[in-house]
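Please read these comments with the structure open beside you, and check each point against it as you go.

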Amino acid sequence: MKRLAPLLLVAAILLAWEAIARSGLWNPLIFPSLEKISRELVLFFTRPESLLEAWISLQRAFAGFALATLVGVTIGMLMGRSAWIAALLDPLFSGTYAVPKLALFPIFIFVFGIGSLSKVALVFLECLYPIVIVTSQGARGVSRVLLWSAANMGASRAAALRRVVVPAAAPFIFAGLRIALPIALIVVIITEMVSSADGLGYLVIYSLSSLRTDRMLAVVVVIAALGWLLDRALVALRDRLVYWEKLETYYL
Amino acid sequence: MRVFVSFFLVLFSITAAAQTPPTIRFGRGFAAEEQMWLMSVRKDLTPNQGKAYNLNQILFQANPERFQAYLAGELDGGTAPGLAVIFAHAQGVDMKIVASICLEAAGQGIFTTQYMVKDDGPIKSVKDLKGGTIAVVGIKTATDLWARAGLINAGLVPDKDTKVVPMGFPVIGDAVRTGKVSAGVFVEPFYSAEMAKGGLRKLFTATEVLGYDHELLDIFFSEKFLKANPGAVRAFLADYVAVTKYYLANMEQAKTDLHKAGFVRTPLPVYLKTSDWKRDPNGRVDVGSLEKLSKFMLEKLNWLEKPVNVREMVDLSYLPR
């Protein structure tokens with residue numbers, strides 16, 4: 001029953017959608033039936049060019065996300081363990097966190113060009129913030145008792161960082177990554193909608209421009225499914241690496 | 001006594017409602033629609049306004065949003081590019097073109113959309129765009145159509161040989177100059193501003209690539225609204241034609257009024273100098289050009305899945321005779 005609950009919720013949403021679509025209250029071009037969306041979904045998976053567009057978007061999202069993970073975890077760990085670096089960088093990150101970086105996209109186009117690089121750079125910037133902030137909180141919150149114990153047992157600073165700080169901050173690092181991953185996908189889609197000749201965002205705007213809401217919604221379903229699969233993959237990786245603190249244990 | 005008072009109150013409200021002219025909820029855009037804007041700015045030019053109809057113009061930044069509002073029943077009509085109405089008609093949307101706003105045309109003193117490249121760059125002809133990028137203002141817009149027409153004419157395959165990417169008008173000039181894109185589309189007032197800066201050269205124009213003058217912007221209404229309010233639409237179009245004639249005869253004054261009312265943000269001296277699109281003084285629609293456009297969209301661009309009956313989507317009977 002516990003496993004079925006989310007499926008029941010999805011089924012209820014789909015039923016509500018179909019009821020609206022069939023009610024005749026709204027134009028079917030705005031609320032196409034599930035049958036029409038499903039047909040477009042099947043077409044999407046049978047067209048190699050559609051799959052290529054999805055692959056292009058994923059590549060951009062992964063590239064920006066991977067770069068943000070590398071840089072963000074490093075900066076977050078440094079901010080968490082060094083008061084001087086925290087004092088230096090914290091005002092920068094907290095002061096600019098609320099800035100909608102998407103507004104900077106035209107500048108990114110001028111600096112990095114109209115191709116993939118400007119999109120990857122914006123994904124990197126948007127993902128960097130949650131990773132840095134959550135990682136630094138995790139690194140800062142490592143129990144002093146654990147660090148003293150490691151020092152008493154003769155661990156060097158590097159060994160203490162590797163054996164104590166990183167494992168203790170790992171749940172936080174993954175929390176930051178889990179926040180950043182869907183952001184990566186969202187930013188890629190939006191930037192492709194704004195200025196691109198390929199990718200899933202381009203397919204969304206192309207379908208919208210042709211008043212093909214059914215086709216656009218099929219792409220939205222694909223994006224949602226990709227987001228869900230990526231999140232599940234990240235949670236699986238987290239549970240494998242942070243095996244002493246699996247996510248389900250929080251509810252026990 | 002109470003019964004009598006209630007009776008007279010109901011009678012009064014029914015009479016008042018019957019005398020109130022219908023309000024036209026009209027979706028407008030932000031470029032090339034001077035006559036429409038003037039209808040709101042210079043109501044003294046529209047004798048029927050307030051008597052036979054009320055006009056509520058609502059600004060939209062792009063066609064998809066305007067059409068979504070229209071489909072949601074929030075608009076009775078609006079302005080739209082001819083090709084956008086062709087798309088809508090292909091999807092079975094209840095929409096009729098009733099008048100023309102402007103045409104993309106060649107001629108002395110008439111503006112036609114320009115595609116430009118860097119003056120000292122390597123692109124000398126459209127064929128040189130192979131492997132490059134061309135900036136348009138939106139996917140499946142008229143600017144996209146002309147760009148693709150230019151590439152096809154030069155034997156290039158759009159998207160394969162040359163990428164077509166959307167970009168905002170204000171940034172296209174610098175994007176071309178800095179080599180971020182190989183070519184870009186320019187309309188007024190951006191065209192005049194960029195020409196004043198220098199460093200750009202014409203590659204082709206919209207009318208050159210299609211080879212004929214054609215409808216750019218039109219006025220549409222829903223068939224439902226037309227049937228329910230024929231008198232209001234006729235009165236509205238009579239005012240529209242009168243305003244169009246005034247605009248063509250008194251362009252400087254009309255542009256000054258529009259600028260003063262905040263409909264145009266370009267500096268007034270620049271705005272007054274810019275050349276205008278071709279406008280039919282009687283608002284007549286060039287149906288033949290729309291037919292050619294729809295054929296091109298179907299056969300060359302694969303933008304349509306089936307042929308569209310263009311004559312069916314145009315109704316000029318509401319225009320003054």
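The points below concern a predicted model, and they go from domains to chain contacts to a sheet.

1. In chain B, the domain assignment gives domain 1 as 2–105 + 214–313 and domain 2 as 114–210, and the centres of these two domains, taken over C-alpha atoms, are separated by 29 Å. Their contact draws 17 residues from domain 1 of chain B and 15 residues from domain 2 of chain B.

2. On the side of domain 1 of chain B that touches domain 2 of chain B, strand 10 (214–221) and helix 12 (268–273) of chain B each supply at least two residues, with helix 12 of chain B giving the largest share, three residues. By class, this side holds ten nonpolar, four polar and three charged residues.

3. Between the chains, 23 residues of chain B are in contact with 17 residues of chain A. Helix 3 (63–71), helix 4 (82–90) and strand 7 (163–166) of chain B each supply at least two residues of the side of chain B that touches chain A, and that side divides into 14 nonpolar, five polar and four charged residues.

4. Chain B also has an open sheet of five strands in the order 2-1-3-10-4, with mixed pairing, whose edge strands are strand 2 (54–59) and strand 4 (96–104) of chain B. Within the sheet, strand 3 (residues 77–81) and strand 10 of chain B run antiparallel and are joined by five bridges, and Thr79(B) stands opposite Ile219(B) in strand 10 of chain B.

5. Helix 10 (residues 230–249) of chain B lies across strand 1 (23–28), strand 4 and strand 10 of chain B, and runs at about 15° to strand 4 of chain B.

Terms used. Residues are numbered from 1 along each chain as its sequence is written. Chains are lettered from A and ligands numbered from 1 in the order in which they are written. This is a predicted model: local features need pLDDT of at least 70, side-chain atom pairs count only at pLDDT 80 or more; totals for chains, interfaces and linings use all residues. Domain bounds come from an automatic or database domain assignment. Two residues are in contact if their C-beta atoms, placed from the backbone, lie within 7 Å. Helices (H or I, at least four residues) and strands (E, at least two) are DSSP runs, numbered from the N terminus. Ala, Val, Leu, Ile, Met, Phe, Trp, Tyr, Cys and Pro count as nonpolar, Asp, Glu, Lys and Arg as charged, and the others, Gly among them, as polar. Two strands pair if DSSP finds at least two bridges between them. Axes are lines fitted to C-alpha atoms, for helices over the stretch in contact, and angles run from 0 to 180 degrees between N-to-C directions.
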